[in-house]
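Q: I am new to reading protein models. Please take one part and walk me through it closely.

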Amino acid sequence: MRATKRRLGAGGVSRDMTDEDLGSFADFGGSGDGDDDASTDASDGDAGRGRGSDRSAGADDAFERVAYEGATGEGLGVLAVSEGLRIGEREDETRLRAYVTSANRSNVRLGRYLVAPYPDGESLFCKIVGLEYGQRFHGDDANEIHARRAMDGSGIDEDDYTFIADLEPVSVLYRDDGELRRRMPDRVPKPETIVREADDDEEIKTALKIPDDGVFLGHLAVGGEKVRTGATPPTIDYRVTDDYATGDPLAFRHTLVAGGTGSGKTHTAKNVLRQYLSTERTYPVEAGSDRAVRAAVVQFDPQDEYAQMHDDNPAADADDERRWEREGIAYGGHDDTVAFVPTVGNATYTAAHHDAEQIPFTVPFSMVRSRPWLAASAGLNDNQYPALQTLLSRFFDQYGNGGTYAEFCSFLDDPALKEELDESGRIHEATYEAVFRRVRGMPDGVFDQDARPITDLVEQFVKPGRLSVVPTYHVSDSRATETVVLALASLLVDEKLSSDPRFPRIADTPLLVGMDEAHNFLADADTVQARQVVGKFTDAAKQGRKERLGLFLITQDPQDVAESVFKQVNTKVVLNLGDEDAIKSVNIPPALAEKVPYMETGQMVVYSPDNSEPVELLGLPTCLTRHGRG
């Protein structure tokens, strides 16, 4: 029976279609002798479409889906050129993307480091800054059928999708006389270059400019996980330059540790300070000198936590200690730790949580002679501060350096003196009274208490290799605490910057001044007192490199630290911060800043432009000294 189909004839009249209407299949390579042959030939014709009609016998090779089980060798994938492959001088001019094979996709993370080799042995070190799935085949997967298949748990076929990693070039690695070196990215790699994950300690440290030696901060990490290599140990230690042979020690170019409550800020600070107290760490007495001494560390401690550094950490076990020794990390209690306890009024200090030696001291009023701003309880304006200076000068000329705070108050409570200065036009009566109120408003018991003056204890207070801790937790009045801290800190700074120091021990000793809750002492303000303090510490920060004076500032409110001091800080260690203003104030690269609110305890980013590329670190989970009161 003849097969027929309906078709339109001339004039649109419907008629039956016959086999003759279809013509002969012989023109397309079929013999027309049988259904089986025709079917086979037609199938072959479809399979060979686009390859020409001259096919040899036995070349029956219809397309098949190739099962691919991931990259061969150590590669994650290859550089893709579908959207361009470009290295530019500016970040927005660079286009570098890698196709990641299906078997490797689950292990790829943002921030991971990759290496793409050049044909001549050099290599491009990159960082993953974006990850993207794309459709391999045109289709619409936003429909009910696809959704139900996924919800039924049948999963997806990775081969149906492309997986692209956006790469940011960091540096080019090359060998020079056998030594691995780095330079800025200056050449584009070849298309389809195999990219692999960076897993060599030397390669990673060189590419990121991480020094081999220096002060240990933590281990290199990505997304909260340590970067691991094939070396022993498998982790990569991050260190800060601390050797004049490779540049000025960054300790004397200042450090900021910023983090919120519970971020591990104090734990981290203790571990870093412990490295500066290592017996092997020394600095020249002066530029070009062959004689080197250990640094002295003075730590102002409002929460009474740092004197614990005298003691070993009972939570550290033998495995911890073996790891620390293997990585050259100083650990254990620092025997030469002394708590210098300010005697203020009736405040009493107890120290059941540490075994460090305690030395009580008082702030002598004589220190006010060169630091008038210490003598006023509240802010002074531009008229009142010169008046206070005049009154103090007259007082010390009359009483000498032995003059006390009580005697100064009696000195001011003299109507004849007030009248004399007013009539002479030197100090207006209203200004005199305002100064008197602010002097009398000082908290009780700040000056001249029943203890040795700190000026008599300088040889003990600043000593090479010693950690001198000044706890103020027992002092309830915040103004009294501020006066004590600023009196001692300014003594150290003044002696370091003086061309004719009164205390050579301070001038001759490399010194690290640690200040916890630094925002309480170095904040910008409109008063003359605040400007005097900030100006003093700004000068100290600027000249620290020359005078071997380092500031080690610890704060949870970095936005409140005076900008003039803050901008002198070279190394910023930032732990978890939840406040947007605080995160903006530390001025770290945006890619790092976005991670800060989500970081776990001990996770940190380090921005130290003169030391390395910006990196993420994980601190040591166990403190190197005693920590906590539990």
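Which residues of S16 are buried, and which strands pair with S16?

A: Keep in mind that this model is predicted. Start with the whole chain. There are 16 helices and 24 strands in the chain. Of its 630 residues, 48% count as buried. Look also at contacts with a separation of 6 or more in the chain. Residues 24 or more positions apart account for 71% of them.

Now go to strand S16, residues 296–301. This strand is mostly covered, with six of its six residues buried. In a regular strand, the side chains alternate between the two faces of the sheet. Check that in S16. Ala296, Val298 and Phe300 point one way. Val297, Gln299 and Asp301 point the other way. Both sets are buried.

S16 has partners. Five bridges join S16 to strand S20, residues 511–516, and the two run parallel. Within this pair, Ala296 stands opposite Leu511 of S20. S16 also pairs with S19, again in the parallel sense and over five bridges. There, the bridge partner of Gln299 is Val469 in S19.

Follow S19 next. This strand covers residues 467–471 and pairs with S17 in the parallel sense, over three bridges. Here Val469 of S19 is the bridge partner of Ala339. S17 spans residues 337–342, and six of its six residues are buried. Thr337, Ala339 and Val341 point one way from S17. Val338, Phe340 and Pro342 point the other way. S17 has a further partner in strand S18, residues 357–361. These two pair in the parallel sense over five bridges. In S18, Pro360 stands opposite Val341.

Now leave the strands for a loop. Tyr306 is found between strand S16 and helix H5, residues 318–326. Is Tyr306 buried or exposed? Buried means under 20% relative accessible area. At 0%, Tyr306 counts as buried. Tyr306 and Val469 are 163 residues apart along the chain, yet their C-alpha atoms are separated by 6.6 Å. Leave aside the neighbours of Tyr306 within four places in sequence. Tyr306 is then in contact with residues including Gln299, Asp301, Leu467 and Val469. Other contacts of Tyr306 include Thr266, Lys270, Asp516 and Ile554.

Next comes the nonpolar core. The largest one holds 91 residues. Phe365, Phe408, Met515 and Phe537 touch the most other members. The largest share of this core, 10 residues, comes from helix H11, residues 478–497. Take Met515 as an example, again leaving aside its neighbours within four places in sequence. Met515 is in contact with Gln299 and Phe300, among others. Further contacts of Met515 include Val485, Ala489, Phe537 and Ile554. A second, separate core has 50 residues, including Phe125, Leu217, Ile236 and Ala351.

Turn to the helices. Helix H9 runs over residues 429–440 and has 12 residues. From its first C-alpha to its last, H9 reaches 16 Å, close to the 16 Å expected at 1.5 Å a residue. Thr431, Tyr432, Ala434, Val435, Phe436 and Val439 of H9 are buried. What covers them includes helices H6, H7 and H8.

Look closely at H6 and H9. Two packed helices are described by the angle between their axes and the distance between the axes. H6 and H9 pack at an angle of about 75 degrees, with their axes 9 Å apart. That angle makes H6 roughly perpendicular to H9. On the H6 side, the contact is made by Gln384, Ala387, Leu388 and Leu391. The H9 side includes Thr431, Tyr432, Arg438 and Val439.

Last, some backbone details. Most residues other than glycine have a negative phi, and most peptide bonds are trans. Arg548 has a positive phi of about 60 degrees although it is not a glycine. Arg548 lies in the loop between helix H13 and strand S21, and is buried with a relative accessible area of 8%. Lys209 also has a positive phi, near 65 degrees. Its loop is between helix H3 and strand S10. Lys209 is partly exposed, at 35% relative accessible area. Finally, the peptide bond from Thr232 to Pro233 is cis, with omega near 0 degrees. Pro233 lies in the loop between strands S11 and S12.

Terms used:
Residues numbered from 1 in each chain as written. Predicted model: local features only at pLDDT ≥ 70, side-chain atom pairs only at ≥ 80, totals over all residues. Heavy atoms only, no water. Helix = DSSP H or I, 4+ residues; strand = E, 2+ residues; numbered from the N terminus. Expected span 1.5 Å × (residues − 1). Buried < 20%, exposed > 50% of the residue type's maximum accessible area, 1.4 Å probe, protein only. Contact = heavy atoms within 4.5 Å. Core = buried A, V, L, I, M, F, W, Y, C linked by side-chain atoms within 4.5 Å. Pairing = 2+ DSSP bridges. Axes fitted to C-alpha atoms, helices over the stretch in contact; angles between N-to-C directions. Parallel < 35°, antiparallel > 145°, perpendicular 65-115°, else oblique.
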